[in-house]
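This report covers a single protein model. Read it beside the sequence and the coordinates.

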Amino acid sequence: MGDYAQTLKKFQYQLACRSQAPCANKDEADLSSKQAAEEVWARVAMNRQLLDHMDSWTAKFRNWINETILVPLVQEIESVSTQMRRMGCPELQIGEASITSLKQAALVKAPLIPTLNTIVQYLDLTPNQEYLFERIKELSQGGCMSSFRWNRGGDFKGRKWDTDLPTDSAIIMHVFCTYLDSRLPPHPKYPDGKTFTSQHFVQTPNKPDVTNENVFCIYQSAINPPHYELIYQRHVYNLPKGRNNMFHTLLMFLYIIKTKESGMLGDGLGAEGIVVISTLDMHAPLSFR
């Protein structure tokens with residue numbers, strides 16, 4: 001520091017402020033006006049000052065996903081892989097074995113490794129299990145998903161991310177929906193256990209029935225780049241595009257559950273899990289036990 005002391009004295013340190021002028025390197029979300037978001041939120045909340053909390057809510061939500069879902073998931077995956085090696089099944093290492101092999105192992109070895117079936121649900125997103133597991137590990141590091149890239153993913157085996165791999169948004173949406181599947185009680189209409197996903201998540205090319213007043217779902221209307229909308233009581237809530245679109249859509253979903261649905265979904269099934277999240281006082285851990 002001594003070598004630069006005189007140079008540093010020439011400069012005055014100031015707190016950085018958020019620029020109001022758009023820059024050429026800002027993504028679509030930054031270019032979207034605050035007024036556009038306010039207009040969407042005004043349709044579900046009378047308080048226009050709600051947006052003042054959005055940055056804080058988004059940060060807390062990202063941290064909650066990391067601590068509640070990603071970190072415990074990685075820990076359990078590593079534990080199960082260790083158990084597999086000890087049982088003489090090194091070919092069933094998570095991140096190396098195919099999802100089909102893991103599903104079969106979950107059935108055969110359920111008495112010995114009961115958590116494997118739960119893990120498989122989180123991994124059932126892409127055939128490329130090696131990339132998925134490595135990316136989940138990367139996202140779980142750094143506390144607040146600092147490596148998250150909304151419209152792409154991470155580099156893989158020396159090559160840049162491409163659209164044959166899921167975006168980080170797709171991964172986070174999948175683990176979030178899977179987490180809520182595990183929080184809701186079994187439903188006879190959904191024997192695969194995807195009680196939440198089947199009712200409250202729709203992905204293009206499928207389309208939600210907007211004319212049905214009972215439809216309340218997150219709709220992914222575009223894959224690359226990913227874009228999400230919210231369908232509630234025959235209305236489409238389309239928040240600005242970009243890096244925070246998924247998080248803000250999920251926050252609006254949870255906000256509606258809390259303020260308009262008494263903290264419950266449907267007929268009250270799974271109210272406990274939903275209420276914990278919708279309060280934004282997020283302390284409910286992911287448990288595999």
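Contact here means heavy atoms within 4.5 Å. Helices (H or I, at least four residues) and strands (E, at least two) are DSSP runs, numbered from the N terminus.

Helix α3 spans residues 34-41, and its buried residues are Ala37, Val40 and Trp41. Viewed down the axis of α3, these buried residues fall within an arc of 95°, so they line one face of the helix. The arc is that of the directions from the helix axis to the C-beta atoms. Buried means under 20% relative accessible area, exposed means over 50%, and partly exposed lies in between (1.4 Å probe, protein chains only). An α-helix has 3.6 residues a turn, so residues three or four places apart point the same way.

## Basis of the model

This is a predicted model, in which local features need pLDDT of at least 70 and side-chain atom pairs count only at pLDDT 80 or more, while totals for chains, interfaces and linings use all residues. Residues are numbered from 1 along each chain as its sequence is written, and side-chain values use heavy atoms, with hydrogens and water left out.

## Overall make-up

The protein has eleven helices and four strands. Of its 289 residues, 45% are buried. Among contacts with a separation of 6 or more, 56% join residues 24 or more positions apart.

The protein exposes about 15,800 Å², and carbon and sulfur atoms supply 50% of that area. Accessible areas come from the Shrake-Rupley method with a 1.4 Å probe; for residues, only the protein chains shown count as cover.

## Helix α4 against α8

Two packed helices are described by the angle between their axes and the distance between the axes. For α4 and α8 (residues 168-183), the angle is about 65° and the axes are 11 Å apart. Axes are lines fitted to C-alpha atoms, for helices over the stretch in contact; angles run from 0 to 180 degrees between N-to-C directions. The crossing of α4 past α8 is left-handed. That term applies if the near helix is turned anticlockwise from the far one by less than a right angle; clockwise gives right-handed.

Which residues meet? From α4 come Phe61, Trp64, Ile65, Thr68, Ile69 and Leu70; from α8 come Ile172, Val175, Phe176 and Tyr179. The contact of α4 with α8 holds nine nonpolar residues, one polar and no charged. Ala, Val, Leu, Ile, Met, Phe, Trp, Tyr, Cys and Pro count as nonpolar; Asp, Glu, Lys and Arg count as charged; the others, Gly among them, count as polar.

## Helix α6

Helix α6 (residues 116-123) buries Leu116, Ile119, Val120, Tyr122 and Leu123. These residues cover an arc of only 160° around the axis, which puts them on the same side of α6. They pack against α4, α5 (99-108), α7 (129-140) and α8.

Glu76 lies in α4. Glu76 is buried, with a relative accessible area of 7%. Its C-alpha atom is 8.0 Å from that of Ile119, 43 residues apart along the chain.

## Backbone exceptions

Most residues other than glycine have a negative phi, and most peptide bonds are trans. The bond from Thr204 to Pro205 is cis, with omega near 15°. Pro205 sits in the loop between β1 (201-203) and β2 (216-222). The bond from Asn224 to Pro225 is also cis, with omega near -5°. Pro225 sits in the loop between β2 and β3 (227-232).

Gln233 is not a glycine, yet its phi is positive, near 50°. Gln233 lies in the loop between β3 and β4 and is partly exposed at 37% relative accessibility. Ser262 has a positive phi of about 55°. Ser262 is in the loop between α10 and α11 (271-278) and is exposed at 60% relative accessibility.

## Val210 in its loop

Val210 is in the loop between β1 and β2. At 30% relative accessibility, Val210 counts as partly exposed. Leaving aside neighbours within four places in sequence, Val210 contacts Ile231, Arg234 and Val236. The C-alpha atoms of Val210 and Arg234 are separated by 5.0 Å, at 24 residues apart along the chain.
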